[in-house]
Amino acid sequence: MAFTMHSHSGQFCPGHAKDQLEEVIKHAISVGYKTIGLTEHMPRTELADLYPEELDDPEESLAVLAPRHEAYLKEAQRLQAAYSSQIHVLIGFEGEWLRPSYGPFIKSLAAEPCIDYFMGSLHHVNAVPIDYDSSFYQKAVESAGGTEEKLYERYYDQQYEMLQALKPRVVGHFDLCRLMSQDPGRDVRQWTAVWEKIVRNLQFVAGYGGWLECNTSALRKGLAEPYPCRTIAEEFLKLGGKFTMSDDSHGIAQVATNYKKGLEFLESLGVTDVWTLGRTPHPGVTGTEKATLADKKVLVADIKQSFD
């Protein structure tokens with residue numbers, strides 16, 4: 001019953017990931033996945049939001065993003081049908097909350113009939129990337145007031161803006177702000193204002209029934225714990241929060257990477273089950289009507305058996 005709710009391909013995230021989307025799905029089937037959520041990055045709409053590798057021809061780089069998203073949705077639906085007897089394919093995208101003005105655009109993308117859900121994610125603070133490289137991370141720190149504590153405060157405030165506006169079913173890498181921190185393993189409870197904002201955000205997610213992903217990409221990037229870290233995960237569980245499971249893969253080589261470690265991490269927290277979605281009909285949608293989605297509980301022990 002292995003699954004992921006967060007994945008990318010090089011076909012639709014060129015320069016950011018590897019491999020064709022179909023090859024990613026075929027590999028997911030080969031490792032035992034029964035469900036895969038496709039969550040390519042949504043298109044950005046402003047020149048200021050391009051990454052360095054997109055700046056050789058900024059106008060063209062921006063112009064291709066929306067058509068690429070449309071091509072992704074078309075291909076995702078084809079693959080959903082082609083492999084429906086082997087794997088349950090959910091179609092989604094990863095939201096990019098750079099500023100509140102992106103909120104209505106994200107909602108419009110989510111309204112597409114074929115879209116089942118989206119990831120509510122932050123990769124920026126004050127519109128500056130925090131997971132791209134150390135130089136950009138330092139720029140984000142300076143924009144937030146010059147200290148990592150201030151950056152964390154701003155990150156969780158902007159995350160709260162996103163949560164209030166969108167109420168995403170799945171919240172992506174809740175504590176991504178620690179990835180390039182000078183001390184990613186710090187106990188954030190020592191920063192009183194930061195911890196208060198974290199608890200506020202967790203309460204909000206639990207209150208509307210959102211899920212946090214146990215995202216194992218943190219482990220392959222050198223962190224000691226998945227996203228979210230133990231302290232945050234424990235607090236979310238106290239609030240009755242639920243987890244889903246993600247490898248946040250960016251190509252075949254990262255499908256199910258560190259899954260066993262991630263599952264053992266959940267077990268150490270006392271988590272016995274995680275959640276995914278089932279769609280009806282599968283595959284496809286009828287006209288302009290969205291599929292019906294049902295929450296599906298999956299035992300952590302059952303997923304572990306897939307990798308024994």
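Me: How many nonpolar, polar and charged residues does the lining of the second largest pocket have?

Reply: The lining has five nonpolar, two polar and four charged residues. This is a predicted model, where local features need pLDDT of at least 70, side-chain atom pairs count only at pLDDT 80 or more, and totals for chains, interfaces and linings use all residues. Numbering runs from 1 along each chain as its sequence is written, and side-chain values use heavy atoms, leaving out hydrogens and water.

Me: Why is the largest one called a pocket?

Reply: Because it is an open set of points on a 1 Å grid where a 1.4 Å probe fits, with protein on both sides within 12 Å along at least five of seven lines. About 780 Å³ of space lies in the largest pocket. Of its 35 lining residues (an atom within 4 Å of a point), Cys13, His16, His41, Tyr51 and Glu53 are the closest to the centre. The lining divides into 14 nonpolar, 10 polar and 11 charged residues.

Me: Which helix gives the most to the lining of the largest pocket?

Reply: Helix 3, with four residues. Strand 3 (33–41), helix 3 (65–82) and helix 8 (217–220) each supply at least two. Helices (H or I, at least four residues) and strands (E, at least two) are DSSP runs, numbered from the N terminus.

Conventions:
Points joined across faces, edges and corners; volume = space filled by probe spheres on them. Nonpolar A, V, L, I, M, F, W, Y, C, P; charged D, E, K, R; others polar.
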